Amino acid sequence: AETTVRTIYDIRVERVNTMISIKVTGNGFLYNMVRIMVGTLLKVGSGKIKKDDVIKMLSTGKRSLGGKTLSAKGLTLMSVEY
């Protein structure tokens, strides 16, 4: 790829009984991108980091400020559109 810039159009978090579903829509994804995003959301949701920490991570590029890269277990590609 010529650039690592990707655009996320939508993220939906839904709880269905005991399962949490996170659907991410974008114009492309980098290696581990969604797994890192979900790990960061998990950290925010559990109160371990704040919204401002995520903003700082994105603006400075300091990956260490976010959540861990989650396992690919449970990750499903639902569709690809051109």
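Predicted model: local features only at pLDDT ≥ 70, side-chain atom pairs only at ≥ 80, totals over all residues.

Colleague: Okay, how many helices and strands are in the protein chain?

Modeller: The protein chain has 2 helices and 2 strands. Starting at the N terminus, the order is β-β-α-α.

Colleague: And what does the C-alpha trace span along its principal axes?

Modeller: About 40 × 35 × 20 Å.

Colleague: How much of the chain counts as buried?

Modeller: Of its 82 residues, 18% do. The accessible surface is about 7,000 Å², and carbon and sulfur atoms account for 56% of that.

Colleague: What about contacts between residues at least 24 apart?

Modeller: If you take the contacts between residues at least 6 apart in sequence, 37% of them join residues at least 24 apart.

Colleague: Let's switch to α1. Where is it, and how far does it reach?

Modeller: Helix α1 covers residues 33–45, which is 13 residues. From first C-alpha to last it reaches 18 Å, close to the 18 Å expected at 1.5 Å a residue.

Colleague: Which of its residues are buried?

Modeller: Met 33, Val 34, Ile 36, Met 37, Val 38, Gly 39 and Thr 40.

Colleague: Why would residues three or four places apart in a helix point the same way?

Modeller: Because an α-helix has 3.6 residues a turn.

Colleague: What happens just after α1?

Modeller: Gly 47 sits there with a positive phi of about 80°.

Colleague: How many residues line the largest pocket, and which lie nearest its centre?

Modeller: There are 31 lining residues, and those nearest the centre are Val 24, Leu 75, Thr 76, Leu 77 and Met 78. The largest share of the lining comes from β2, with 8 residues.

Colleague: How does that lining split by class?

Modeller: The lining of the largest pocket has 17 nonpolar, 10 polar and 4 charged residues.

Colleague: And the second largest pocket, how much space lies in it?

Modeller: About 530 Å³. It is lined by 18 residues, with Met 33, Ile 36, Met 37, Met 57 and Leu 58 closest to its centre. Met 33, Ile 36 and Met 37 also came up among the buried residues of α1.

Colleague: Which element gives the largest share of that lining?

Modeller: That's α1, with 6 residues. Both α1 and α2 supply at least two.

Colleague: What about classes for the second largest pocket?

Modeller: Its lining has 11 nonpolar, 3 polar and 4 charged residues.

Colleague: Last one: Ile 22. Where is it?

Modeller: Ile 22 is in strand β2.

Colleague: What does Ile 22 touch, leaving out residues up to four places away in sequence?

Modeller: Ile 11, Arg 12, Val 13, Val 38 and Leu 41. Of those, Leu 41 is 19 residues from Ile 22 in sequence, and their C-alpha atoms are 9.8 Å apart. Val 38 is one of the buried residues of α1.

How values were computed:
Residues numbered from 1 in each chain as written. Heavy atoms only, no water. Helix = DSSP H or I, 4+ residues; strand = E, 2+ residues; numbered from the N terminus. Expected span 1.5 Å × (residues − 1). Buried < 20%, exposed > 50% of the residue type's maximum accessible area, 1.4 Å probe, protein only. 1 Å grid on protein atoms, 1.4 Å probe; cavity = no way out; pocket = protein on both sides within 12 Å on 5 of 7 lines; lining within 4 Å. Nonpolar A, V, L, I, M, F, W, Y, C, P; charged D, E, K, R; others polar. Points joined across faces, edges and corners; volume = space filled by probe spheres on them. Contact = heavy atoms within 4.5 Å. Areas by Shrake-Rupley, 256 points an atom, 1.4 Å probe, with all protein chains shown as cover.
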